Amino acid sequence: MRGKVGELRFTKLQGLGNDFLIIPADAIEQLADAPALARAMCRRNYGAGADGIVFVAPPSTADADFSSRIFNSDGSEAEISGNGTRCAAAYLYYQGRWSKPEIRVGTAAGIKTGKLVARSGTRFDFEFDMGEPRLSSLELPMSLDHPLPKVVGHHLILGGEIFEVTCVSMGNPHCTLFINDLESVNIEEIGPLIEDHPAFPNRTNVEFARVVSREEIEVMFWERGVGRTLSSGTGSCGAAVAAMLNGFTDRTVKVVTGGGTLRIKWRDDNRVALTGAAEVIYEGLWLSDSDQ
């Protein structure tokens, strides 16, 4: 990954304000220092500043064009990031490493296939197949006394208060609360408490959603290992599927986030399509000899 000692090339991209540092690697398995590097580089005041790091490398399987690994700003590894994977794809097109209409990116949650639908300068719009949502408590995973085939309108007890939640996995866990007044929610207080709730053995991402219409929801995010973010790709998918499971919306919805709008479609083949933009911001060299 490094050129000269103490130098590491990276490119910063953002997907609706969810920002990532994209770093090329020779092999996706050679990332022993990645957690410490993510903690150092992602710091807003002392590092390059980002929600996470995405490493891209040659494919590790024959059915992918590239492989990737994603690390959150706290150093934990994420199974998948919808915005992060889209940013990685945009990076590969921007660098001229890929030019075909579709791209297959290997992640810890499987291979995600993206179709480039538009390009304008350093902005790239993709439709990504995010796979089938997993609905059972065992697949999330979620620790319950009695496993459920679907976790819809489940009562989650938190500090003596009951929260009604709907949970799905998009390759990573998501817990959605539907709120009539998003401005009244203390996300910084409730978000981490749900993230670390004993019901979620691997922690969880948390979405706070408001139903606007049958075709639109508004969502705010508390991301596992990151905190509050302007947007989340898999979080938008999770919240949209949760809205559909509750009968609040149709199977195609516009998800309005703090960083912009994503479009989610739960197709008839049970796969979720995510459409949104990613933009290259700048390129740089990480000069620090320390990854702490």
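Where does Arg 43 lie? Arg 43 is in the loop between H1 and S3, where helices (H or I, at least four residues) and strands (E, at least two) are DSSP runs, numbered from the N terminus. This is a predicted model, so local features need pLDDT of at least 70 and side-chain atom pairs count only at pLDDT 80 or more, while totals for chains, interfaces and linings use all residues. Residues are numbered from 1 along each chain as its sequence is written, and side-chain values use heavy atoms, with hydrogens and water left out.

- Arg 43 is partly exposed, at a relative accessible area of 37%; buried means under 20% relative accessible area, exposed over 50%, and partly exposed in between (1.4 Å probe, protein chains only).
- Between the C-alpha atoms of Arg 43 and Tyr 282 there are 17 Å, with 239 residues separating the two along the chain.
- Helix H1 (residues 34-41) is mostly covered, with six of its eight residues buried.
- Those buried residues are Ala 34, Ala 36, Leu 37, Ala 38, Ala 40 and Met 41.
- The cover over them includes S1, S2, strand S3 (52-57), S4 and strand S17 (272-286).

**Nonpolar cores**

- The largest nonpolar core has 47 residues, and Ile 22, Ile 103 and Ile 264 have the most contacts inside it.
- Helix H2 (residues 82-94) gives the most to this core, putting in seven residues.
- A core here is a set of buried Ala, Val, Leu, Ile, Met, Phe, Trp, Tyr and Cys residues joined through side-chain atoms within 4.5 Å.
- A second, separate core has 21 residues, including Met 142, Cys 167, Leu 182 and Trp 222.
- Back with Ile 264: not counting residues up to four places away in sequence, Ile 264 touches Ser 236, Cys 237, Ala 240, Met 244, Arg 251, Thr 252, Val 253, Val 255, Val 272, Ala 273 and Leu 274 (contact means heavy atoms within 4.5 Å).

**Asp 129 and its partners**

- Asp 129 is found in strand S8 (residues 123-129) and is buried, with a relative accessible area of 17%.
- Its side chain makes a polar contact of 2.8 Å with the side chain of Arg 271.
- A polar atom of the Asp 129 side chain also lies 2.9 Å from the backbone nitrogen of Gly 131.
- The polar contact rule is a pair of N or O atoms within 3.5 Å; within protein, one must be able to donate a hydrogen and the other to accept it, and residues adjacent in sequence count only if both atoms are side-chain atoms.
- Leaving aside neighbours within four places in sequence, Asp 129 is in contact with Lys 112, Thr 113, Arg 267, Arg 271 and Val 272.

**Aromatic rings**

- Searching the whole structure turns up seven aromatic pairs.
- Phe 66 and Trp 98 form an edge-to-face pair, 5.7 Å centre to centre with 80 degrees between the planes.
- Phe 66 lies in strand S4 (residues 66-72) and Trp 98 in the loop between H2 and strand S6 (102-107), so this pair ties together parts 32 residues apart in sequence.
- Both Phe 66 and Trp 98 are buried.
- The rings of Tyr 93 and Phe 124 have centres 6.4 Å apart and planes at 35 degrees, so that pair is tilted.
- This pair links distant parts of the chain, with Tyr 93 in helix H2 and Phe 124 in strand S8, 31 residues apart.
- Tyr 93 and Phe 124 are both buried, and together with Phe 126 and Phe 128 they form one aromatic cluster.
- For the cut-offs, rings of Phe, Tyr and Trp (its six-membered ring) pair if their centres lie within 6.5 Å; planes under 30 degrees apart count as stacked, over 60 as edge-to-face and the rest as tilted.
- The charged end of Arg 251 sits over the ring of Trp 266, 4.2 Å from its centre (NZ of Lys or CZ of Arg within 6 Å of the ring centre and within 35 degrees of the ring normal).

- The peptide bond from Leu 140 to Pro 141 is cis, with omega near -5 degrees, and Pro 141 lies in the loop between S8 and strand S9 (151-158).
- Leu 16 is a residue other than glycine with a positive phi, near 55 degrees.
- Leu 16 lies in the loop between strand S1 (8-15) and strand S2 (18-24) and counts as buried at 8% relative accessibility.
- Arg 203, also not a glycine, has a positive phi near 60 degrees.
- Arg 203 is found in the loop between helix H3 (187-195) and strand S12 (205-213), and counts as partly exposed at 25% relative accessibility.
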